[in-house]
Amino acid sequence: MMRLILFFFCFFHFSCSDGEIEHSGKKKLNSTKPFPITQNKEFSAADLKILNRKEFQKKFVKINPGEFMMGSSLKEKGRSIDELKHKVILTKPFYISKFETTIQEWNELAVGLTQYNSFTITPNEQSVILALYGKLKSNKTFKNQLSDSLKSQLEALLAEQPNSNIMGLLELIEIIDYWRKAPENFKKGVAHSLNFKIAEFSQILDSLLGNQNQLPVNNVSYTQATAYCHNLTNKAYAQGLLPKNMLYRLPTEAEWEYACRAGNLGSCGLGDGTTLSGLNANLDGGLKEYIIGSDTTLINRGKLIPVTSRFTRFEPNKWGIYDMHGSVMEWCYDFYTAYNEGVSINPIGPIRGTRRVLRGGSFYRTAFECRSANRESSDATWRGSEIGFRVLLGYPVR
Amino acid sequence: MLLTSGSLIGALCIALFGWLTFSGLNEATDELEKEAQKSGISSDELSDVMAFLTTTRSIFITMEIYPENFSGVFSIAYDAITLAKEGANQLSDKYYENYPDEILIPISTAIRELEDSISEMQKVPPFQNDSDWATRNLLARKNYDSTREKLKNNLDDLEIKALGNLNKANQALSIKWQELEDREQTSRFSLIFVIIVYFILIIVLAFITYRSFARPISRLEEAATRSIEMNQPFNSPQIGPIEVKSLTRRLQGLIIGLESTVKKRTSALVKKTDELKLEITQRKELETQLVHAQKMEAVGQLASGIAHEINSPSQFANDNILFLKEAVEGFISKLTGSENAPDDKELSFLKENAPDAVQQAQEGISRITTIVKSMKNFAYRDAESAKKPNDLNQAIKSTIVVATNEWKYHADVVTNLDETLQMVPCNVGEINQVVLNLVVNGAHAIRDRFESKGKGEITITTKHYPSDDCVVISITDNGGGIPLKVQERIFEPFFTTKEVGVGTGQGLAIAHSVIVKSHNGQIWFQSVEGEGTTFYIKLPMTQT
């Protein structure tokens, strides 16, 4: 009896749920947008003249428009859930910086706070600096110019006080500045006292400064990074070095990943895209299970190392871009949100949000977190020791 | 039947009603859901519009709060412009229905104009080394101001429209919600009402069913109880529904059939029992006859030996009697003074030897008497296997005598009988036969072993064990023993190791049957091959 009733109930239920399949209402679509996406433009001769300058080409690399698969496949090692794979089309060419913004570049534009780190100097470097300092002290012209902080640091070093082998970048710049300004005779005296030639002595000081000056800038917020780009734009404009309608800005997330992949679909953009470890990027490769590929050398440097062509230790990717993986995380233009499915053209993320995207992982992260597709995000005002940025010269994002 | 069909129809009705109500409710819920979706879209829409408004308005704010000579100002305004553009694109993408070109195009045009004028204002000396710069800058600023006012109004309109949209959606939603609630309320009430009606219907039906079934059945039960208690024939009025009537009829038929069957079976059983009893009596008779026949067989076998036994004393007695006859004749003739009278020498010889001759003749006769008595004792047949108290020792002695001719050429018999032994209740004829069988077997075993080269010994003992209230008879021979492989089988009927025609194989089987079955005793043996055998017979002193 009960079964019969149950059966009838089921029957009725199914028969009425059959009709419940809904057809989503048709949505009228707008064929033209208020601000339509502009197509690839040819650079004018005047623009090309600016863009083909040697010093610009040294720092920036041209990325042509194209399309690629953004995000990661489900099989990718270390994948996160927010890396939905979807097609992205970029319609405008852009020039992206080969290197992350360095401390020197940052300090030259003086956006917000200037960055002067402290660092340890080796005994050899100490002897060079103390030799120079000794001569400077006894020189009539330089004696009065020496700053107090420089004097106190180097006196402490002379007296071999504990922890005195730590030197500030500002003081290093100051003393090297004196060396550059000094007359030939003075230089000769200093160099010969240590059995160096003047050029050799200059070389040592240069590399000492370069190693600190060419570190990628960190502890930078999104707003500071944006301000840096504005200043760069203004400066270029004032110098007449800004191509028409172009400006310096942060890359959008899509532009960043496109440049990072350099045509690779795998975990990383270096080489053939299969290996990512402490050997080819500055990241935490100290654990075998957290590196990608078959490398057996486990390296975790645990610190930043200088970038720029003179000091870099790694190979660039196929398109000639350095340090996309590891080193410092790089601010991107977009607010952080989940990817939309389907094809996106020049995506710039949502128009409202609180967190900005960070890409590329850092020296403090494992290879999994430094993959091309890996996404991080942070509040726009956050300044982290592993966060820096990379500038891009391109057309406005809209 | 009534209940089943009633409840089925009721359930179907409820199901139908429930379905109707449910589908009605479903429809209402669907409508509400659609409305809610619309409203959700509207609230999403509102926040998107608000975000757009905020970013667009932030262009004005940026331009207002920063000093004119701040180098970053235009770039920051530019960021706001970028977001405003993207926002306009997204609004047009997502909500084209609500915000058609008429609304969005003026706004986007204004934003573009704003951008143009701002980028013109951005151009600062000394790079622009032309004299027109100042006027163009001024114009741009003017343009910016007017565009800004226009745009501001447009934005306000947009905001009002967005709020209106949301409001409308919310109102529609609340109406639908009210409708749904009302509907739910009514359908809940009607459903409860229908269910109550259904249960009442079920209860009524159940009561009717009870009345029509339970009462006839209880009557039936009463009738059955009555018929059992009063021992009356089962009789019940045929009332109630067809099923119960038919049941009553069938029950009556069943009971009548049952009674006749029982009678038939009982008479057959009685007959069988009688037959069985008869058979048992016959069996017992046969068994007794078998034992007796075997005894007679033994006696037959022994007969020639016994004849021989009797022969010698009778010969002996006869010789003495002949001598006595001669002596008596001599004395008589002497007394009568006959001339044939023996002389004095002869007389003195007769006088000397006559008493001895009498003595010896008497001995011979007495010897014969003993043998005959023993035979009589042995052949005694108890009536119906009754167990009377008997002198076991005496019985054993008789048996030894009867069997004398079987053993006396091969063995000596030593008896070691318990003189304190009381009368043992037993069928002495049967016990005699058992002992005879064992003695004869022992004698034969000794004969087979020594083959007339020497003599063996048969020892018979009786011993009373008061603790166990039993007597144990043991018969030991020092013959060849029983071979190990036949030891298990010796009590089987028809099992014999003797030549065909010599033994029947019944002796030990009958011994086992007599001791174990009819006397509740035990019979067992110990045998060492080549050294001899001892048979033990244990008999209880009291027979139940």
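A:Asn195 is exposed, with a relative accessible area of 72%. I was working in a predicted model, and I note that here before going on. Next I checked its backbone. The phi of A:Asn195 is near 60°, which is positive, and the residue is not a glycine. I wrote down the general rule beside this: most residues other than glycine have a negative phi.

I found A:Asn163 in the loop between helix H7 (148-158) and strand E6 (166-168) of chain A. Is A:Asn163 buried or exposed? Its relative accessibility is 66%, and the cut-off for exposed is over 50%, so A:Asn163 counts as exposed.

A:Asn107 belongs to helix H4 of chain A, which covers residues 103-109. Its relative accessibility is 12%. Buried means under 20%, so A:Asn107 counts as buried. What does its side chain reach? I found the backbone nitrogen of A:Gln115 at 2.7 Å from the side chain of A:Asn107. I also listed the contacts of A:Asn107, leaving out residues up to four places away in sequence: they are A:Thr114, A:Gln115 and A:Tyr116.

I went back to chain A as a whole. It has 398 residues, and 52% of them count as buried. I noted 13 helices and 15 strands in chain A. The accessible surface of chain A is about 19500 Å², and carbon and sulfur atoms hold 54% of that. I then took the contacts in chain A with a separation of 6 or more: 73% of them are between residues 24 or more positions apart.

My last entry is on chain B. I looked up B:Ile107 and found it in helix H3, residues 101-122 of that chain. B:Ile107 has a relative accessible area of 1%, so I put it down as buried. Which residues is B:Ile107 in contact with, leaving aside neighbours within four places in sequence? I listed B:Phe52, B:Leu151, B:Asn154, B:Leu155 and B:Leu158. I followed up B:Leu155, which is 48 residues from B:Ile107 along the chain. The C-alpha atoms of B:Ile107 and B:Leu155 are separated by 7.4 Å.

Methods
Residues are numbered from 1 along each chain as its sequence is written. Chains are lettered from A and ligands numbered from 1 in the order in which they are written. This is a predicted model: local features need pLDDT of at least 70, side-chain atom pairs count only at pLDDT 80 or more; totals for chains, interfaces and linings use all residues. Side-chain values use heavy atoms; hydrogens and water are left out. Helices (H or I, at least four residues) and strands (E, at least two) are DSSP runs, numbered from the N terminus. Buried means under 20% relative accessible area, exposed over 50%, partly exposed in between (1.4 Å probe, protein chains only). Contact means heavy atoms within 4.5 Å. Accessible areas come from the Shrake-Rupley method with a 1.4 Å probe; for residues, only the protein chains shown count as cover. A polar contact is a pair of N or O atoms within 3.5 Å; within protein, one must be able to donate a hydrogen and the other to accept it, and residues adjacent in sequence count only if both atoms are side-chain atoms.
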